[in-house]
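Please view the sequence and the structure together while reading.

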Amino acid sequence: MTKQPSVRHLAVRAVTRVSQGESLSSVLPVLQEKLSKKDQPLLAELSYGTLRCFHRLDAWLKFLIEKPLKEKEQDIHNLILVGLYQLFFTRIPPHAAISETVQVTQTMGKAWARGLVNGVLRNAERRADELDELTRRSPVCQYSHPKWLINAIKRAWPEHYQAILTGNNQPPPMTLRVNERQNQPGQYLQELLDLGIPAVPSAIAPQAITLNRPQPVDRLPGFQTGAVSVQDESAQLAATLIPARPGDRILDACCAPGGKTCHLLELHQDITVDALDSDPVRLERVAANLQRLDLNATILCGDASEPESWFTGRQYDHILLDAPCSATGVIRRHPDIKLLRTADDIAALAQLQEKILLAIWPLLKPGGTLLYATCSIMPEENHRQIMRFTETTANACLVPLEGQWGYDTGFGKQLFASANNPANSSGQSGDGFFYSLMIKTDSP
């Protein structure tokens with residue numbers, strides 16, 4: 001009888017599939033289904049943790065091994081990385097971390113690697129001081145980011161890059177968005193505290209509450225009935241920046257999974273929202289979120305850069321463009337980005353963003369506003385994008401963003417993910433986002 005894969009074996013599968021180009025968010029839920037509920041958190045910890053530390057662990061392995069493993073043995077390479085992560089970044093006792101990791105070679109059908117995996121991990125344990133020295137010498141090892149990304153962030157934010165890179169490797173907080181149709185944030189915060197769930201109100205987002213420790217959503221009072229949603233603090237700013245009035249029509253372009261759509265409808269009961277996305281599978285999540293919160297929006301499946309396929313001809317009062325981007329502001333939530341993204345992606349994404357901006361600007365009424373948003377920290381996708389657009393679009397005028405948050409670029413505000421970054425203010429602890437608000441002055 002074939003032995004079922006262990007938690008560590010499945011973690012190796014997760015890391016290997018990400019290194020082959022798949023996203024962890026698509027891979028992990030499927031692998032977790034193979035385990036009991038009690039083992040699923042460990043699989044998530046080993047998968048996220050190994051990917052978060054991937055570039056450091058990979059540098060350590062190259063230092064420890066005499067002869068590099070062949071490409072076809074990528075799974076053994078990743079098995080050793082999972083073992084190194086357990087040894088140096090978890091509370092798992094070293095003997096257990098090593099023995100359990102070595103045992104995986106059996107279920108993988110690669111018993112030949114047993115001695116290799118055992119030897120490398122024991123060698124790492126003995127040579128911990130040398131690994132520390134290697135980490136201090138190499139930026140790739142120290143910050144656990146690919147070299148191109150370290151250089152790009154350093155060029156973009158020379159005064160803040162170290163804090164940004166360090167922040168990317170910290171586990172993210174869990175932040176809630178209180179549905180003000182049902183409750184006030186202060187009241188909900190007290191409910192959490194009464195249940196023994198420590199939390200604090202956001203310093204920048206009015207409906208946001210950040211938990212001291214992540215919790216299962218079934219522990220959150222009223223979650224199933226729509227009293228609260230999980231949404232990052234920085235992401236919650238989007239709905240608050242759109243100056244909606246009663247009767248306004250709003251387009252939420254690239255809307256999935258629907259957090260910003262739902263927030264807009266929670267804040268304004270007398271608006272209509274068209275929620276557009278090109279991915280029908282992700283639109284199912286939008287529909288599910290709307291249903292849980294008992295909200296209504298018109299869901300449209302279409303490409304924001306090609307409105308002729310879905311636009312009815314009736315212009316919008318406001319447009320929220322949550323543009324496709326490099327997601328370099330949410331690396332702490334999605335550490336696989338460090339493996340999946342390449343240097344060439346930034347320019348390609350900037351071109352796509354420009355195409356979408358030019359395509360949807362005519363859909364906005366004169367006097368209407370467009371909020372441009374990304375979860376990127378790259379200037380090419382953010383303030384330089386808006387600078388080019390406003391310079392070449394005569395009827396696009398910048399609207400200053402109020403509030404003591406973010407770094408003012410002159411063409412919008414940039415937030416960084418690390419809470420201890422000097423560019424952050426007012427105790428912001430959300431993800432790295434960019435926002436720019438523009439008003440359409442008149443017809444061209």
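Which residue stands opposite Ala-208 in β3? In this predicted model, the residue that stands opposite Ala-208 is Arg-177.

## The sheet and its helix

The pairing of strand β1, residues 174-178, with strand β3, residues 208-211, is antiparallel and extends over four bridges. Both strands belong to an open sheet of four strands, whose order is β2-β3-β1-β4 and whose pairing is antiparallel. The edges are formed by β2 (199-201) and β4 (228-230), each of which pairs on one side only, and from one strand to the next the twist averages 30 degrees.

Helix α14, which comprises residues 259-267, lies across β1 and β4, and its direction makes an angle of about 35 degrees with β1.

## Aromatic pairs

Counting ring pairs with centres within 6.5 Å, the model contains 12 aromatic pairs. One of them joins Tyr-143 and Tyr-161, whose ring centres are 6.4 Å apart and whose planes stand at 65 degrees; because an angle over 60 degrees counts as edge-to-face, the pair is assigned to that class. Tyr-143 is part of helix α9 (residues 139-143) and Tyr-161 is part of helix α11 (residues 161-168), so the pair ties together parts that lie 18 residues apart in sequence. Both partners are classed as buried, since the limit is under 20% relative accessible area: Tyr-143 has a value of 8%, and Tyr-161 has a value of 14%.

A tilted arrangement is found for Phe-311 and Tyr-316, with 6.2 Å from centre to centre and 35 degrees between the planes. Here Phe-311 is partly exposed, at 24% relative accessibility, whereas Tyr-316 is buried, at 2%. Elsewhere, Trp-60, Tyr-85, Phe-88 and Phe-89 are linked by ring pairs into a cluster.

Technical notes: Residues numbered from 1 in each chain as written. Predicted model: local features only at pLDDT ≥ 70, side-chain atom pairs only at ≥ 80, totals over all residues. Heavy atoms only, no water. Phe/Tyr/Trp six-rings, centres within 6.5 Å; stacked < 30°, edge-to-face > 60°. Helix = DSSP H or I, 4+ residues; strand = E, 2+ residues; numbered from the N terminus. Buried < 20%, exposed > 50% of the residue type's maximum accessible area, 1.4 Å probe, protein only. Pairing = 2+ DSSP bridges. Axes fitted to C-alpha atoms, helices over the stretch in contact; angles between N-to-C directions. Contact = heavy atoms within 4.5 Å.
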